[in-house]
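Me: Hi! I've got a structure open and would like to talk through it with you. Shall we start?
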Amino acid sequence: MEQVAKGRGVVVGFATTEAQQEELTVLDSIYADAFVQHTTTPCEASPTHPYQVSIQVAPEGHCTTEPEGVCSFPPLLLHFGYSPDYPAHSPPSFTLRAPWLQSHTSVHREPYQLLCDAMVQLFRENQGDVVMFTWVEWLKEHVFEHISVNPALYPPAVPRQAPAAAKASAGRTHTSADSDVPSIEIFHGNPLTDRKSKFVAHLARVQCREDVKQVMKQLKTDKKIAMATHNMYAYRIQQADKVLMEEREDDGETGAGDKLLYLLDRMKVLNVVVIVTRWYGGIQLGATRFKHITAVAKQVCAGHVICVLCAVCCVLCAVCCVLCAVCCVLCAVCCVLCAVC
């Protein structure tokens, strides 16, 4: 079932405006192999929709978070095309396809129609702004609020375990407390939002590269953080042999890791990792995004880390206090001697 702008006499298909071309560039950079552009002819399955985003979604219990877990649930395919007056007036034309969606598009059409109507309403609420990224992220979170899946056809996934591990786990429920790896305390900064993009910084104290991996693993147990557009980070670790280990990761936001590392160096922060999570809002921010990344990182560092300079200042203050005390004692001695004389 296609959703098409009606009554406007427009031709739906390839991008023709600068805003549409920019949106395609953004989708390609974010979703990479999951985004397909049929640059010469629209896809056969949907002739007016030359673009496709493959969205990995699954009902509760169909994908495991275990390293050895499996997720064979078929992805949701969003086929779409543009009209010349998008995004000013008309939403993109689109079709949703998936094996588990078949009955909803042919027999029980009402849930599918309500899902499509909700997507069109999202466009109406933001008319004038590009909406494809918003649609994709919204579908990841809300598609199964509208669509039910036949459990007989698509049973929940079962984690794969080695025989010994399976035997040991019989009769008890696994929680994070069962892990032999102790959790690392993670501090979270205040969110910053600009033109629908949201930035949040996180900080943890680390002593080695394995600690950094553990922090990232812990963070991504939060589904929203795991699904964020970027999780960029940097860290500086003073090792036992006094060698300074510095590393950074852009996670697709080119140059962001370098800026985070530069900030940590300027603040003389050691033995911490700072991660900045960004949820892209569909509007390009240009160089402003780096200002926001730096701002939230600086805020979380200032709130939870005593930098080297601050530590030196504290030591100097303590020395000054001692000297003041000595001076007071000497003054008292002088007063006593003056009184005697």
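Me: Is Arg 278 buried or exposed?
Reply: Arg 278 counts as buried, because its relative accessibility is 3%. Buried here means under 20% relative accessible area, exposed is over 50% and partly exposed lies in between, with a 1.4 Å probe and protein chains only. Bear in mind that this is a predicted model, where local features need pLDDT of at least 70, side-chain atom pairs count only at pLDDT 80 or more, and totals for chains, interfaces and linings use all residues. Residues are numbered from 1 along each chain as its sequence is written, and side-chain values use heavy atoms, with hydrogens and water left out.

Me: Thanks! What does Arg 278 form a salt bridge with?
Reply: Its partner is Glu 253, and the closest N and O atoms are 2.7 Å apart. A salt bridge is a side-chain nitrogen of Lys or Arg within 4 Å of a carboxyl oxygen of Asp or Glu. Glu 253 lies in the loop between strand S9 (244-249) and helix H8 (256-266) and Arg 278 in strand S10 (residues 272-279), so the pair ties together parts 25 residues apart in sequence. Helices (H or I, at least four residues) and strands (E, at least two) are DSSP runs, numbered from the N terminus.

Me: And Glu 253, buried or exposed?
Reply: Buried, because Glu 253 has 5% relative accessibility. There is also a network: salt bridges that share partners join Arg 236, Glu 246 and Asp 265.

Me: How many salt bridges does a search of the whole structure find?
Reply: The search finds 10. One of them joins Asp 129 and Lys 196, with 3.3 Å between the closest N and O atoms. Asp 129 sits in the loop between helix H3 (109-125) and helix H4 (132-146) and Lys 196 in the loop between strand S6 (192-194) and strand S7 (197-205), so this pair ties together parts that are 67 residues apart in sequence. Asp 129 is partly exposed at 28% relative accessibility, and Lys 196 is partly exposed at 35%.

Me: Where do Glu 210 and Lys 213 lie?
Reply: Both are in helix H6 (residues 209-219), 3 residues apart, which is about one turn of the helix.

Me: Switching to H8: which of its residues are buried?
Reply: Ala 256, Gly 257, Leu 260, Leu 261, Leu 263 and Leu 264. They sit on the same side of H8, because they cover an arc of only 155° around the axis; the arc is that of the directions from the helix axis to the C-beta atoms. The face turned away from that buried side carries the exposed residues Tyr 262 and Arg 266.

Me: Nice. Which residues touch the most other members in the largest nonpolar core?
Reply: Of its 40 residues, those are Leu 76, Leu 78, Phe 80, Phe 94, Leu 96, Trp 100 and Leu 139. A nonpolar core is a set of buried Ala, Val, Leu, Ile, Met, Phe, Trp, Tyr and Cys residues joined through side-chain atoms within 4.5 Å. Helix H1 (18-31), strand S2 (51-55), S3, S4, H3 and H4 are the elements giving two or more residues to this core. Apart from it lies another core of 23 residues, among them Phe 199, Leu 263, Val 272 and Phe 290.

Me: Last one: how many disulfides does the structure hold?
Reply: It holds 0 disulfides, a disulfide being a pair of cysteine sulfur atoms within 2.5 Å. As for the cysteines, Cys 116 is buried at 0% relative accessibility, and Cys 301 is buried at 1%.
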